[in-house]
Amino acid sequence: MSSFIGHAISGLGVYVTTRAAKEPALRDLALRDLFWPAWLVFVAMAPDLDYVFRSLCMRRDAIGVLRITHSLVGGLVFPALTLLALSRLKMARDTRWLYAVQVVLAGLSHLAMDMLVGVASLPLLWPFTTQRFKMPFGVLPSGPAFRLDNVYMYRNLLMEVGVLIPLYAGIYLARFAKFDGRKRSIGVAVLWLCSLGFMGWAFTLAR
C-alpha cells in the first residue's frame with residue numbers, strides 16, 4: 001500500500017492538473033477556495049479509513065481479510081456522495097462537470113496507487129466477487145512503518161515523492177505554463193524523466 005503522504009499528493013495533484021484555466025492562479029486562492037482541494041485530498045485518502053473503522057470496512061473470507069474500501073465500489077463511495085451533493089447546488093454546468101471528474105479521479109487514484117505498489121492484492125470487484133487483483137510488478141514503494149528511526153521510511157517516501165511530484169508538475173506545466181512550446185516541452189520531458197527514474201528505483205525493490 002502507498003503512504004498517506006502519497007495519497008494526499010495525488011488528491012492535490014488531481015486538483016492542480018485538472019483545474020479550469022479560467023480559475024484564479026493557485027497563489028490567489030482565498031481561504032474559502034481551499035475547501036474543495038482539501039476535500040479531494042480527503043477523498044484520495046478515504047479508502048484507508050479501514051485502518052480506523054476495521055469492523056465496518058473489513059471482512060473475512062476463506063483467503064483472509066477483505067478490505068472492502070479498496071474495491072471500486074468502496075473507492076467511489078465518497079465521490080458518489082459528493083456527486084449527490086453537487087447535483088443539489090446551484091452552479092454552472094461546466095463547473096459541476098469539472099468537480100465531478102475531479103472527485104472521481106481522486107477516489108480512483110487511491111486504488112491505482114495501491115495497485116502500482118505491486119505488493120497487496122485488492123478486491124477491486126467486491127461485492128460481485130471476492131477475487132483479489134495484483135500487479136505482477138511495482139513502480140511505487142510501499143508505505144513502511146512510521147518510525148523516526150526507520151531509514152526505509154525515509155527512502156520510500158523519497159521514492160514516492162520523487163515519482164508523484166514531477167509527474168503532476170509535468171502535467172501542470174504542459175497545461176498551464178506560459179513558456180513557448182520548446183521550453184515547455186523540455187521542462188515537461190525533464191520532469192517526467194525524473195519521475196520515471198524514481199519509478200525505476202522503486203521497481204528494483206523486493207516485492
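Start by selecting helix H8, residues 181-203: its 23 residues reach 32 Å from the first C-alpha to the last, close to the 33 Å expected at 1.5 Å a residue. That expected span is 1.5 Å times one less than the number of residues. Helices here are DSSP runs of H or I with at least four residues, strands are runs of E with at least two, and both are numbered from the N terminus.

Before you click on, a quick note: this is a predicted model, where local features need pLDDT of at least 70, side-chain atom pairs count only at pLDDT 80 or more, and totals for chains, interfaces and linings use all residues. Residues are numbered from 1 along each chain as its sequence is written, and side-chain values use heavy atoms, with hydrogens and water left out.

Stay on H8 and pick out Gly187, Val188, Ser195, Phe198, Met199 and Ala202, its buried residues. Buried means under 20% relative accessible area, exposed means over 50%, and partly exposed is in between (1.4 Å probe, protein chains only). What do the buried residues of H8 pack against? Show H7 and you have the partner. Contact here means heavy atoms within 4.5 Å.

Now colour H7, residues 151-176, and find Tyr154 in this helix. Tyr154 is partly exposed, because its relative accessible area is 44%. H7 gives the most to the patch, with three residues, while H1 (4-18) supplies at least two.

Next stop: Asp48, in the loop between helix H2 (35-45) and helix H3 (54-57). Is Asp48 buried or exposed? Asp48 counts as buried, because its relative accessibility is 16%. Show Ser2, His7, Arg67, His70 and His110 too: Asp48 touches these residues, leaving aside any up to four places away in sequence.

Finally, zoom out. The protein chain has eight helices and two strands, running α-α-α-β-β-α-α-α-α-α from the N terminus. Its C-alpha atoms fill a box of roughly 55 × 45 × 30 Å along the principal axes. Of its 207 residues, 41% count as buried.
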